[in-house]
Amino acid sequence: MDQSPLKSKSVEFDIFGYIHKTRQTYGIRAQDYMRYRRYCAHHLRNVRKATRLSQGSSTSYKPIVVTAEMVSEARHIEILVLQTERAWAFAMDLRELHSRTEEPRQHYHLVRRLKAACKAGRYLADVAHAVCDLQTALAASAYWLQMQSQLRFELEEWEAAMDSVV
């Protein structure tokens with residue numbers, strides 16, 4: 001009997017399966033990061049609307065952060081994944097632009113977007129450890145470490161990047 005309340009509170013979400021499916025379907029297969037970022041932003045808005053966590057209308061903006069106390073279904077975890085993926089896709093789009101133009105400002109913006117992706121990934125991992133099952137929590141931690149290693153790689157911190165991966 002003690003396990004049933006714990007089991008009903010745990011949320012299951014296949015993070016890597018979801019990411020792989022959406023990346024392959026919406027642009028990454030063709031290296032079109034802008035298309036994928038636009039998909040993430042649009043889908044994030046739709047999921048927020050479906051869960052009644054929209055952040056305002058076109059005239060007003062009220063940020064709503066998904067907390068561990070709010071999470072009751074997989075869609076809430078999907079919101080956190082989409083926020084991370086949107087920042088990551090923007091960073092990869094900026095990486096392509098930087099490779100063509102070699103403008104230092106583009107690299108600075110790329111690093112800032114990767115930092116945002118790391119921050120969102122860390123928050124995803126924290127929330128997942130609080131409310132999700134063990135597999136989802138471990139996948140969220142691995143996803144956050146993957147984002148962190150990409151950031152360290154861009155900053156040319158090679159040993160820190162390797163420590164994040166290993």
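Helix H6 is followed by glutamate 156, whose phi is positive, near 60 degrees. Helices here are DSSP runs of H or I with at least four residues, strands are runs of E with at least two, and both are numbered from the N terminus. The model is predicted, so local features need pLDDT of at least 70 and side-chain atom pairs count only at pLDDT 80 or more, whereas totals for chains, interfaces and linings use all residues. Residues are numbered from 1 along each chain as its sequence is written, and side-chain values use heavy atoms, with hydrogens and water left out.

H6 contains 21 residues and should span 30 Å at 1.5 Å a residue; its end C-alpha atoms are 31 Å apart, which agrees. The expected span is 1.5 Å times one less than the number of residues. The buried residues of H6 include Thr136, Ala140, Tyr143, Trp144, Met147, Leu151 and Glu154, where buried means under 20% relative accessible area, exposed over 50%, and partly exposed in between, for a 1.4 Å probe and protein chains only. These buried residues of H6 pack against H2, H4, H5 and H7.

Serine 141 lies in H6 and is buried, with a relative accessible area of 17%. Leaving out residues up to four places away in sequence, serine 141 touches Ala125 and His129, contact being defined as heavy atoms within 4.5 Å.

The pairing of H6 with H7 comes next. The axes of H6 (residues 134–154) and H7 (residues 158–165) come within 8 Å and cross at roughly 170 degrees. Each axis is a line fitted to C-alpha atoms, for helices over the stretch in contact, and angles between N-to-C directions run from 0 to 180 degrees. H6 and H7 are therefore roughly antiparallel to each other; that term applies to angles over 145 degrees, with under 35 roughly parallel, 65 to 115 roughly perpendicular and the rest oblique. On the H6 side of the contact stand Leu145, Gln148, Ser149, Arg152 and Phe153, which meet Trp158, Ala160, Ala161, Ser164 and Val165 of H7. The residues of this contact divide into 6 nonpolar, 3 polar and 1 charged.

H6 also contributes to the largest nonpolar core. That core has 43 residues, and those with the most contacts inside it are Ile15, Ile77, Val81, Trp88 and Leu124. At least two of its residues come from each of H2 (15–25), H3 (33–50), H4 (74–101), H5 (104–131) and H6, and H4 gives the most, with 11 residues. Nonpolar side chains tend to be buried together in soluble globular proteins. Beyond its neighbours within four places in sequence, tryptophan 88 is in contact with Arg23, Ile28, Tyr33, Tyr36, Leu114, Ala117, Met147 and Gln150.

H4 has 28 residues and reaches 40 Å from its first C-alpha to its last, close to the 40 Å expected at 1.5 Å a residue. H4 is followed by glutamate 102, whose phi is positive, near 60 degrees. Aspartate 93 lies in H4 and counts as buried at 15% relative accessibility. Not counting residues up to four places away in sequence, aspartate 93 touches Tyr33, Met34 and Arg37.

Alanine 68, finally, is found in the loop between H3 and H4. This alanine 68 is partly exposed, with a relative accessible area of 22%. With residues up to four places away in sequence left out, alanine 68 touches Val127, Ala130 and Val131.

Methods. Nonpolar A, V, L, I, M, F, W, Y, C, P; charged D, E, K, R; others polar. Core = buried A, V, L, I, M, F, W, Y, C linked by side-chain atoms within 4.5 Å.
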